[in-house]
Amino acid sequence: MIGRERSKKSLLEAFHKDKLVLLSMEKDGGGVCSVGTLAKILQLHRLPDDTLKVLMQGETRVEITEETDVEGVLLASYQTLSLEDGEDSELLLEVQKQLRRLFEMDTQYPKELRNTIEKLTKADDLIDTMVAVLQLEASAKQTFLEEQNSLNRIQLFRETLQQELMNLEISRKIERNIKGQMESNQREYYLNEKKKAISRELGDDDSDQEWDDYQSKIDAISLSTEAKKKAEKELLRLKRMNPVGAEATVSRNYLDWILALPWSDKNQEDVHLLDAKKVLDAEHFALEEIKDRILEHLAVQKCSDDPQQPILCFLGPPGIGKTSLVRSIAKATKRAYVRQALGGVRDEAEIRGHRRTYIGAMPGKIIQGISRAGTGNPVFLLDEIDKMSGDFHHGDPAAALLEALDFEQNHSFRDHFLDLDYDLSSVFFICTANSLDGIPAPLQDRLEIIELSSYTEEEKLQIATQHLIPKQRRMHALSQEQFSVSEDAIRMLIRRYSREAGVRNLERLIAKGCRKLCRMIVEGEKGDQLHVSETDIVTVYGAPKYFDRQIGASSKIGVMNGLAVTTVGGMVLKIEALCLPGEGKIQLTGRLGDWLKESAHAGISFLRSQTDSIRLDVDFHKKHDFHIHYPGNPAKADGPSAGVAMCMAVLSAITRKAIPETIAITGEISLGGEVLAVGGIKEKLLAAHRQGIQRVFIPLENEGDLQKIPKEVLCELEISLVERVESVIESIFET
């Protein structure tokens, strides 16, 4: 007889007189297992809550042969199962040894069970007794019930015991670690308390001394009302903490940062404009516009008691001296100088700091820089501001700079770590960047952009003579008699070895000559002097890297010189155009960006609209394909400034009229034929002058930019100001 759950009570009551019941486990998918236990009912008692209390004793293992459901009661026929003999005495001894170890490790088993196990001599009896008391899954116990081979049962039981012992060992290890950690913390706390008690008895309490030191600093420093209140509150919390706890370390770190900041300390500025001008002139050649702007700033400070600090941004190609110029400004203004590189910064918390809830939290770069400066009004350089980047997870660091670089808000800059208002209005912030493309518009709006253009060849010569060569002599411990470079050699280095907007590579070349001389001195074979002339250039520096294309009086069909500005300065770009038989397709190659592609289409559209005035076949665009190519665009130059040049190259290819090589053009084209203003005129004209161009067409709207061009460049270039494309066509093709 087998009872289902719904009929268990009626089942037991119906058969309690027989005193026998067949017990079998239900399967997950329905039905019951075929092997079960025949049990004897010893006692049956109904409780007041209508539940049954049953006491049963297992009699033997049986297998169900047939089952029948009669009115909710499952009846079954069965046959008794006997075990197949297969005991192993050595295996039994090993199991008994495991059981003794189990009883030693786990004291929950009663002493009577241990005694009973010791008296059992048969493996099956031992297994049946222990499986009933071990905390095993019902499916595992059913496995032992169904296994008929004694040897297999004892092997399975041994594996079960091994797993149980392993679990007990892991549990004991975890408990030992927890207990050891608790004992260590209690011991440490006890020793610290005892140490403090002894120190108090001796009158030498370090903790009290530490708290007194903090309190003295708080009283001595002119903190803001909010900062003083917060510092005293944090000190009170520190006194209540375990001095060696992690939270105490966080509180000390917070107090140290508050007390390290210059809340009221500022450099006294008593700067004479003439002295400042001497400093700037001595350390930097040219850059007159920048120097004038700095002197104007100093003059405003002398006239006003509370001037608003400007946020300057020096914009220009690498190597022209932006960073070193800021150091000179700090020296000229007699202020502390601090530099923070922003290249690669991508986390908003690096600017505004991390909240103290984070492990290892620190203030942001702004507060750290002020702390390093030790004064509240340093010259603070934010270098490479265009190299920052943001993402969805970490926020935008450029957005975090908005508050710090806005003089309307930075008097109450709030760092996440400090969570206090800090006055940045006296800080002279200066930013540097190579391009405005990486600076968001809201941040640009807070900056006063000052462009630093490329140096001319003459300026590079003077910089090398007055600054770079003497500097490298000092660094390599050489005298003027030992090392020198002639002017012709310097010009050759500028033209053929270091084509750049600034002078960084030129300085590296000079340093290379100094290193060669140092090696000659140490080896002692080739003398102790090196005077580099134009004839010695190849010997000292190897073959030239750059070769200026010789611009002559020749002309070429479909080739026009365009002018571009990159992050390393201006450059002359060849624009080639071919007119091929076809159906009006336009092919653009040469690593062109979207702006250049759109300018090419705009130029061809303009030519189609002017077929009468420029005497072209009305259907020329239907009979030809056009291929525009930039063969010398390694920097992937892009921008709205090459429309007129591409239009002229295409027109030359269509009409088969050549364009003189000595001509270059910059300017954007509109569909109506207007020549629109462009940027970077100085960089472009310097590149044209360096390349040997004789005549340059620029938009009339850029006439004001000619004031920034060095006189020696203007004297050697013929500048043509044009307002419409027709003027360019007339000047190039009809003269």
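**View 1. Helix 11 (288–303), strand 15, strand 16 (569–581), helix 21 (594–609) and helix 24 (681–691) each give at least two residues to the lining of the largest pocket.** Helices (H or I, at least four residues) and strands (E, at least two) are DSSP runs, numbered from the N terminus. This is a predicted model: local features need pLDDT of at least 70, side-chain atom pairs count only at pLDDT 80 or more, and totals for chains, interfaces and linings use all residues. Residues are numbered from 1 along each chain as its sequence is written, and side-chain values use heavy atoms, without hydrogens and water. The pocket volume is about 1,400 Å³. Its lining has 50 residues, with E451, V565, G679, G680 and E683 nearest the centre. Strand 15 supplies the largest share, five residues. (On a 1 Å grid over the protein atoms alone, a pocket is an open set with protein on both sides within 12 Å along at least five of seven lines; a cavity is a set of points where a 1.4 Å probe fits but cannot get out; lining residues have an atom within 4 Å of a point.)

**View 2. The second largest pocket has a volume of about 810 Å³.** H284, G321, S324, R327 and K471 lie nearest its centre, among 29 lining residues. The largest share, seven residues, comes from helix 17.

**View 3. The largest cavity holds about 40 Å³ of space.** The structure has one cavity of 30 Å³ or more. K556, V559, M560, N561, K574, I659, P660 and E661 line the largest cavity. Strand 15 (559–566) and strand 19 (658–660) are the elements that give two or more residues to this lining. Strand 15 gives the largest share, three residues.

**View 4. S641 sits in the loop between strand 18 (624–629) and helix 23 (643–655).** S641 is buried, at a relative accessible area of 13%. (Buried means under 20% relative accessible area, exposed over 50%, partly exposed in between; 1.4 Å probe, protein chains only.) Its side chain makes a polar contact of 3.4 Å with the side chain of K684. (A polar contact is a pair of N or O atoms within 3.5 Å; within protein, one must be able to donate a hydrogen and the other to accept it, and residues adjacent in sequence count only if both atoms are side-chain atoms.)

Conventions. Points joined across faces, edges and corners; volume = space filled by probe spheres on them.
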